[in-house]
Amino acid sequence: MERTTCAVVGGGPAGVMLGLLLARAGVEVTVLEKHKDFLRDFRGDTVHPSTLRLLDELGLGERFDRLPATRLGEVRMHIGGTALTLSDFRRIPGPRNYIAMVPQWDFLDLLADAAAEEPSFTLRMSTAVTGLLTEGGQATGVRYTDEHGEPGKLAATLVVACDGRDSLVREAAGLRPEYVEVPMDLWQVGVPAQPGSARDGRIFMRSEGRQFAATMDRGEYYQTSYLIPKGSDAQLRAQGVQWFRDRLGELFGWGPEVTEAVTSWDDVKLLEVTMGRLRQWYRPGLLCIGDAAHIMSPTGGVGVNLAVQDAVAAARILAGPLRSGRVDVRELARVQRRRLMPAAAVQKAQVSEHEAVLRPALTTGLDPHRLPVPLRMMRRVPGLPSLLGYVGGVGLRPERAPDFARR
């Protein structure tokens with residue numbers, strides 16, 4: 001049977017970052033990713049200031065700066081004719097006082113290339129994990145099928161589930177998230193930016209009638225997230241794609257030259273929003289991090305940042321035990337204790353935003369003359385957008401690169 005020290009399931013931001021950090025610590029680590037490449041539309045493309053600082057500490061800042069990116073300094077909301085600044089990242093201390101919008105496949109390629117420079121790192125693409133190996137109640141590795149569909153087994157001292165909100169590894173381990181009700185699903189679509197349009201590096205949210213959407217400046221196009229009531233996808237699509245074009249045009253003031261870029265419903269991707277958290281993130285020989293441990297709402301776009309922070313904490317705590325060849329559940333519990341508060345606090349804030357802003361926006365519409373209390377505070381409390389920009393951009397309990405990983 002093949003063997004590695006740490007088997008990381010899932011080649012997303014948490015998995016590849018964890019692989020890089022453990023490899024720099026001299027741990028033999030194998031990352032298994034079921035797809036043949038990282039090319040996927042509408043994945044989390046926001047890289048927050050705390051992650052940018054981490055890349056600098058890892059010696060990867062200059063490489064990152066060569067990637068195609070848009071820098072976002074503010075989050076603004078328009079409700080009818082009323083404009084509000086919700087978050088301002090520009091007062092965050094240091095040079096990385098912005099959110100970088102970078103295609104996730106470029107970000108992952110950068111991390112994977114850096115990890116490949118370490119002799120103890122292996123990345124296996126087109127390798128789908130199909131189950132866990134267990135012995136005496138302890139995870140001892142994974143089953144998989146390779147790029148040719150052939151089955152295999154990989155033994156490991158530790159398995160780390162980084163395979164997202166629908167984690168197969170989490171399910172195989174018998175771990176069940178406790179879910180929270182959410183009021184919406186999400187349509188994601190890209191429309192071209194028109195010549196002469198403002199390139200002001202902001203995220204705009206708009207609410208009008210019973211519509212709510214956010215659009216992000218991606219350089220050549222606007223990446224737009226359009227909220228729909230939970231479970232209404234099929235019903236709304238039955239009205240025809242022209243209905244959606246008209247709604248986008250009405251909400252953002254876009255003409256047919258923009259909205260006709262949505263040629264069919266195939267251009268509109270559905271994200272079925274779920275949200276929840278594991279009560280316990282681990283079993284003997286197994287740890288869940290990122291969305292496998294805490295399924296985040298897309299509200300605030302913080303999922304990637306939290307997943308990366310989880311990976312940093314896990315690497316710092318577990319590198320020594322992994323080098324020694326034994327990981328006790330006490331070390332796995334330390335990772336959860338370290339990362340539980342930031343995940344729980346963000347989810348609590350997301351639930352508050354869902355109930356105070358998003359649910360009313362989709363059911364009755366937001367009245368610009370009678371704004372919800374959280375939005376009224378944005379106008380009445382000086383400095384609140386900057387404070388929220390720091391909390392959203394840096395986060396609670398931000399992680400720094402371990403000494404063994406710095407370059």
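Modeller: Buried means under 20% relative accessible area, exposed means over 50%, and partly exposed lies in between, with a 1.4 Å probe and protein chains only. This is a predicted model, in which local features need pLDDT of at least 70 and side-chain atom pairs count only at pLDDT 80 or more, while totals for chains, interfaces and linings use all residues. Residues are numbered from 1 along each chain as its sequence is written, and side-chain values use heavy atoms, with hydrogens and water left out.

Colleague: Where is glutamine 347 placed, and which residues does glutamine 347 touch?

Modeller: Glutamine 347 sits in helix H10. Helices (H or I, at least four residues) and strands (E, at least two) are DSSP runs, numbered from the N terminus. Contact means heavy atoms within 4.5 Å. Not counting residues up to four places away in sequence, glutamine 347 touches Met275, Gly276, Arg277, His294, Ile295 and Met296.

Colleague: Which strands form the open sheet with antiparallel pairing?

Modeller: Two strands pair if DSSP finds at least two bridges between them. Here 3 strands form an open sheet in the order E12-E18-E21, with antiparallel pairing. E12 (178-179) and E21 (294-295) are the edge strands, each pairing on one side only. E12 is joined to E18 (residues 276-277) by 2 bridges, and tyrosine 179 stands opposite glycine 276 in E18.

Colleague: Is glutamate 272 buried or exposed?

Modeller: Glutamate 272 has a relative accessible area of 55%, so this residue is exposed. It lies in the loop between strand E17 (269-271) and E18. Leaving aside neighbours within four places in sequence, glutamate 272 is in contact with Arg165, Asp185 and Lys230.

Colleague: What should I look for in helix H10?

Modeller: Look at the ends and at any bend. The bend at a residue is the angle between axes fitted to the seven residues ending there and the seven starting there. H10 (residues 329-363) has a kink of about 40 degrees, centred on histidine 354. Just after H10, glycine 365 has a positive phi of about 85 degrees.

Colleague: Which strands pair with E1 in the parallel sense?

Modeller: E1 pairs in parallel with E11 (residues 151-161) over 7 bridges, and 4 bridges join E1 to E2 (residues 29-32), also in parallel. Valine 9 stands opposite alanine 161 in E11 and opposite leucine 32 in E2. From E1 the chain crosses through helix H1 (residues 13-24) to E2, in a right-handed β-α-β crossover. Right-handed means that, with the strands pointing away from the viewer, the path from the first strand over the helix to the second runs clockwise. In E1 (residues 2-9), 6 of the 8 residues are buried.

Colleague: How many residues does the largest nonpolar core have?

Modeller: A nonpolar core is a set of buried Ala, Val, Leu, Ile, Met, Phe, Trp, Tyr and Cys residues joined through side-chain atoms within 4.5 Å. The largest has 78 residues, and Met17, Phe64 and Leu318 have the most contacts inside it. Helix H9 (residues 303-324) gives the most to this core, with 11 residues. A second, separate core of 30 residues includes Ile79, Val273, Leu362 and Leu375.
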